[in-house]
Amino acid sequence: MRAIKKNIIKKMGFFVLMYLFCVSTFADCDANCAVLDFNNDNFQDSSEDGKLVLRYMFGLRDEQLVKDLNQSGFGSSSIAKKIDALDKELDVDGNGAIDALTDGLLLYRYLDGQRGQSLITGVISSDATRKSFDEIEAYLNTLAG
Ligand SMILES: [Ca+2]
Ligand SMILES: [Ca+2]
């Protein structure tokens, strides 16, 4: 009986260690993973992260935020939290407001690999403080890390 108890305690200790390892790994990821990798799959791309940030800016949350997208084990609330943490940094054109049809599309196009004039055509607000593709690209390069 005592041997069985010892064995159970040993096994529980193993699971506790595994749990702590996983928690610390994910905690590291939150701090160090690329800022625009919203689903934490180690890629910054338009097909997942670009859509996520656009949907988020359009006010979609929970299941609607992640529908048909790869969450890579990262739940919708964690994804929303990661996007939300960027706060004012999401104001890509620097007009003081965060808007899906300007900032969101700039982020989407940037993650899609578009650069130069095609990055900014039709999606810069009239009161933007970052207007040229040079300024937008430089800003997003800093943000993407
Ligand atoms: Ca990603
Ligand atoms: Ca803006």
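**Figure 1. Overall fold of the protein chain.** The protein chain holds 7 helices and 0 strands. Helices (H or I, at least four residues) and strands (E, at least two) are DSSP runs, numbered from the N terminus. The order from the N terminus is α-α-α-α-α-α-α. This is a predicted model: local features need pLDDT of at least 70, side-chain atom pairs count only at pLDDT 80 or more, and totals for chains, interfaces and linings use all residues. Residues are numbered from 1 along each chain as its sequence is written, while chains are lettered from A and ligands numbered from 1 in the order in which they are written. Of 145 residues, 27% count as buried. Buried means 20 or more other C-beta atoms within 10 Å of a residue's own, exposed means 12 or fewer, and partly exposed lies in between; C-beta atoms are placed from the backbone. Among contacts between residues at least 6 apart in sequence, 52% join residues at least 24 apart. A contact requires C-beta atoms, placed from the backbone, within 7 Å.

**Figure 2. The largest nonpolar core.** This core has 23 residues. Such a core is a set of buried Ala, Val, Leu, Ile, Met, Phe, Trp, Tyr and Cys residues joined through C-beta atoms within 7 Å. Leu52, Val53, Leu106 and Leu107 touch the most other members. Two or more residues come from each of H2, H3, H4, H5 and helix H6 (117-120). H5 gives the largest share, 6 residues. Beyond its neighbours within four places in sequence, Leu107 is in contact with Gly50, Val53 and Val92.

**Figure 3. Phe58 in its loop.** Phe58 sits between H2 and helix H3 (62-66). It has 13 C-beta neighbours inside 10 Å, so it counts as partly exposed. Phe58 and Gly104 are 46 residues apart in sequence, yet their C-alpha atoms are 8.8 Å apart.

Figure 4. Most residues other than glycine have a negative phi. Asn42 has a positive phi of about 70°. Its place is the loop between helix H1 (2-32) and helix H2 (46-57). Asn42 is exposed, because 10 other C-beta atoms lie within 10 Å. Asp87 also has a positive phi, near 45°. Asp87 lies in the loop between helix H4 (76-86) and helix H5 (100-111). With 9 other C-beta atoms within 10 Å, Asp87 is exposed.

Figure 5. H7 covers residues 133-144, 12 residues. The expected span is 1.5 Å times one less than the number of residues. That predicts 16 Å, and the end C-alpha atoms are 16 Å apart, which agrees. Gly145 follows H7, with a positive phi near 75°.

Key:
Two residues are in contact if their C-beta atoms, placed from the backbone, lie within 7 Å.
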